[in-house]
Amino acid sequence: MKKDIILAGVGGQGILTIATIIGDAAAVAGLSLKQAEVHGMSQRGGDVQSNLRLSTETIHSDLIKQGTADLIISMEPMEALRYVQYLHENGSVVTSSHPFKNIPNYPEEQDIAAELAALPHTVSLPIDDIAKTNSLPKSANVILLGMAAKFIEILSPEQLRESIARVFARKGEEVVKANQRAFDLGLAAV
Amino acid sequence: MRDKDKNDKTLSYMIERKLLLGDEAVALGAVHAGISGVYAYPGTPSTEITEYIQVHAPEVRSRWCTNEKTAMEAALGMSYAGKRALVCMKHVGMNVAADAFVNSAITGVNGGVVVLAADDPSMHSSQNEQDSRFYGKFAMIPILEPSTQQEAYDIMPYAFSLSEELKLPVLLRVVTRLAHSRAGVAVGQAQPQNPLHLDNERTHWVLLPGNARRQYASLVEKQPRLLASSEKSPYNKSVLRKQKSKLGIIACGIAYNYIMENQSQENAFPVLKISQYPIPETLIKELASQCESLLIAEDGQPLVEEQVKSLLGSNYPIKGRLTGDLPRMGELTPDSVGEALGIKQATTFAAAQHIVARPPALCQGCGHRDVYDALNKVAAEYEDARIFGDIGCYTLGALPPFRSIDSCVDMGASITMAKGAADAGAHPSIAVIGDSTFTHSGMTGLLDAINDHSPITVIISDNLTTAMTGGQDSAGTNKFEAICLGLGVEPEHLHVVVPLPKNMEEITNILRQEIEYKGVSVIIPRRECMQTLKRKLRNKK
């Protein structure tokens, strides 16, 4: 079994934290893993993405082939669209519906929403609003991970939840609890 | 029996699995190979190697160097004293280190030296995609190019042993996709560092022409040993050998992964994986004899393709980047390699209609923003103002909304290009350079301008760190006024300002006044980088 995931967003939105949590869970579960990250110039508010590959078999390429990604997880709707050529014809997209507008020529929001809706399996939720109403302003990315959890399949939501405890342990019990609550909110929302 | 059981148990206990970036695997491999020092200037995608060693191996000397040349020379000094040293840089850093690098092959080494060059095909964060393997060939030394994170770790002790065995530096080449990709790596234990053992062979190290000729002859004589080492290298291996095939593949470094990703039962080609150079000629001829044609898959420039062409003669059909079977530029991908193999690709969705580029930008509140606001204001008052830029976060001043700079070429070129343009009559001729870039390669150019009394205005935009690569220490922090005065900038034409909107009038007035001065002026806008400031505040909490 394999799961090829593209994580997308804007520099600073916390997609590498999502990658770290999934990566930790995969390592503990004994899965093969490769995760190509973007460092450097692109982190200054530009588009960022990470190719995350999980498998029970050996993984060769650090990059995902076009038309084969099982899942796109995106912190931003236009950034989700940027990688549709990589999506498998039955693949899923889990994205925040909240646009991040740091450019003057951002497209019309309804056009982006329509393109996302035309894909076979799209889940789009206003995670920033969910984060705010639940007083979890710093955990929008973990809410998104919760939303995606059922689609990751090769790891169970419980395995991901345990990994959150390990990844945030250094920051104290309160931070762990807040992030697990964020994860549960995302999980329940889908 | 009991002892054996105990040993087995200890062994399995000693091997640990870690999730590591390619860069981190190199770093840990080097530490476990017993290095005593790592010498480096930050540069994407190589920076994380030195950072990892700084955090995880306090017993290793690891302070950032002023530039790649000083790094290479310090490593050579450590080698002279008998210990192992690692030098790390991005590919364009090789250009800066080249004098020391090429001559280190002439002197040879005592303690092992591994020079790591992190190439950036597709120019994710660079101004070109030069292939560092050419430097290794040029210097006539062994080159290693791991394919995976595991190999990046495993190859380090091998690289240092090879260096000490051949008494030559070894070039280790990685590319962005290996450097910045994470995978599980089985790691072992550290071996001890070499003891101090000073070299006594002055005829090796004093490269007067008489000695240099002998040393070069010895380097030429070593070449068959380099080739023999490649032929039997555990890192050069054949897959599906002896199987007759229409097409055979030579896959170098990371390209091997893309080939294997495309291998399947119905598409199984014989492959020669190359991770050690010079190219293993016998292995290549062996593969060629069982195949009707060869595809050369290598990330970067067609170095192996050209060599294999000359090895096999012009009648043997070879496909690669030169023939257009693989793209001539940019990094390889599993898609481009699959296409070159003629493998049917998965159906894909059409590219989305409603996406636009999202370029990186200077952070909100960044001091460089205020510098460019001031420069734009003053430059607009002249018909032909030119602002020569340099390498760093502030290169983003080329993009909207600022569009301030007219050039960005290489580390330090802002000052020297401003001088040359001023020599030609351009006015105002302004240079913008960051603090770390100034000490890396700007100081010497400033001295040229001072000695020639060039009418240029130099802005050293000081944010107290090497920001672009993530906030490493900057070599000249707290020393810039002293450096400028020492080089000969006149005290009345050296100004320090705080780049904030409330100081805009003061800054623009100083700019106007210094542009009119017909000699070298230096203005230092100084305010801490927003990223390092935020990190400090977070850590305080």
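Axes here are lines fitted to C-alpha atoms, for helices over the stretch in contact, and angles run from 0 to 180 degrees between N-to-C directions. Helices (H or I, at least four residues) and strands (E, at least two) are DSSP runs, numbered from the N terminus.

This is a predicted model: local features need pLDDT of at least 70, side-chain atom pairs count only at pLDDT 80 or more, and totals for chains, interfaces and linings use all residues. Residues are numbered from 1 along each chain as its sequence is written, while chains are lettered from A and ligands numbered from 1 in the order in which they are written.

**Stop 1: a helix pair in chain B**

Select residues 22-32 of chain B, helix α2, and residues 149-166 of chain B, helix α7. Their axes come within 7 Å and cross at roughly 25°. The pair is therefore roughly parallel. Angles under 35 degrees get that label; over 145 is roughly antiparallel, 65 to 115 roughly perpendicular, and the rest oblique. The crossing of α2(B) and α7(B) is right-handed. A crossing is right-handed if the near helix is turned clockwise from the far one by less than a right angle, and left-handed if anticlockwise.

Now show the contact residues. Two residues are in contact if their C-beta atoms, placed from the backbone, lie within 7 Å. From α2(B), pick B:Gly22, B:Ala25, B:Val26, B:Leu28, B:Gly29, B:Ala30 and B:His32. From α7(B), pick B:Gln149, B:Ala152, B:Tyr153, B:Asp154, B:Ile155, B:Met156 and B:Pro157. Colour them by class: the contact of α2(B) with α7(B) has 9 nonpolar, 4 polar and 1 charged residues. Ala, Val, Leu, Ile, Met, Phe, Trp, Tyr, Cys and Pro count as nonpolar, Asp, Glu, Lys and Arg as charged, and the others, Gly among them, as polar.

**Stop 2: the domains of chain B**

Zoom out. Chain B is divided into domain 1 (2-231), domain 2 (237-340) and domain 3 (367-534). These bounds come from an automatic or database domain assignment. Taken over C-alpha atoms, the centres of domain 2 and domain 3 of chain B are separated by 48 Å.

**Stop 3: helix α13 of chain B**

Select residues 303-312 of chain B. Which residues of this helix are buried? They are B:Leu303, B:Val304, B:Glu305 and B:Val308. A residue is buried if 20 or more other C-beta atoms lie within 10 Å of its own, exposed if 12 or fewer, and partly exposed in between, with C-beta atoms placed from the backbone. The buried residues of α13(B) pack against several elements of chain B, including α12 (281-290), β9 (245-252) and β12 (291-297). Step past the helix to B:Gly313, which follows α13(B) and has a positive phi near 85°.

**Stop 4: an oblique pair in chain B**

Go to α15 (residues 367-379) and α19 (residues 504-516) of chain B. Their axes come within 9 Å and cross at roughly 50°. α15(B) and α19(B) are therefore oblique. α15(B) passes α19(B) in a right-handed crossing. Show B:Asp373, B:Ala374, B:Lys377 and B:Val378 on α15(B). The contact of α15(B) with α19(B) divides into 5 nonpolar, 1 polar and 3 charged residues.

**Stop 5: where the chains meet**

Display both chains. 40 residues of chain A are in contact with 39 residues of chain B. On the chain A side, the elements giving two or more residues are α1 (15-28), β2 (32-36), α2 (77-81), β5 (87-96) and α3 (109-117). β2(A) gives the most, with 4 residues. By class, this side of chain A has 14 nonpolar, 16 polar and 10 charged residues.

**Stop 6: α5 and α6 of chain A**

Select residues 140-152, helix α5, and residues 157-168, helix α6, of chain A. They pack at an angle of about 155°, with axes 9 Å apart. That makes α5(A) roughly antiparallel to α6(A). The contact joins A:Val142, A:Leu145, A:Ala149 and A:Lys150 of α5(A) to A:Pro157, A:Leu160 and A:Ile164 of α6(A). Its classes are 6 nonpolar, no polar and 1 charged.

**Stop 7: two residues of α7 in chain A**

A:Val176 lies in helix α7 (residues 173-189) of chain A. With 17 C-beta neighbours inside 10 Å, A:Val176 counts as partly exposed. Beyond its neighbours within four places in sequence, A:Val176 is in contact with A:Ile164, A:Ala165, A:Phe168 and A:Ala169.

Finish at A:Ala189, also in helix α7 of chain A. A:Ala189 is partly exposed, with 14 other C-beta atoms within 10 Å. Leaving aside neighbours within four places in sequence, its contacts are A:Leu125, A:Ile130 and A:Met147.
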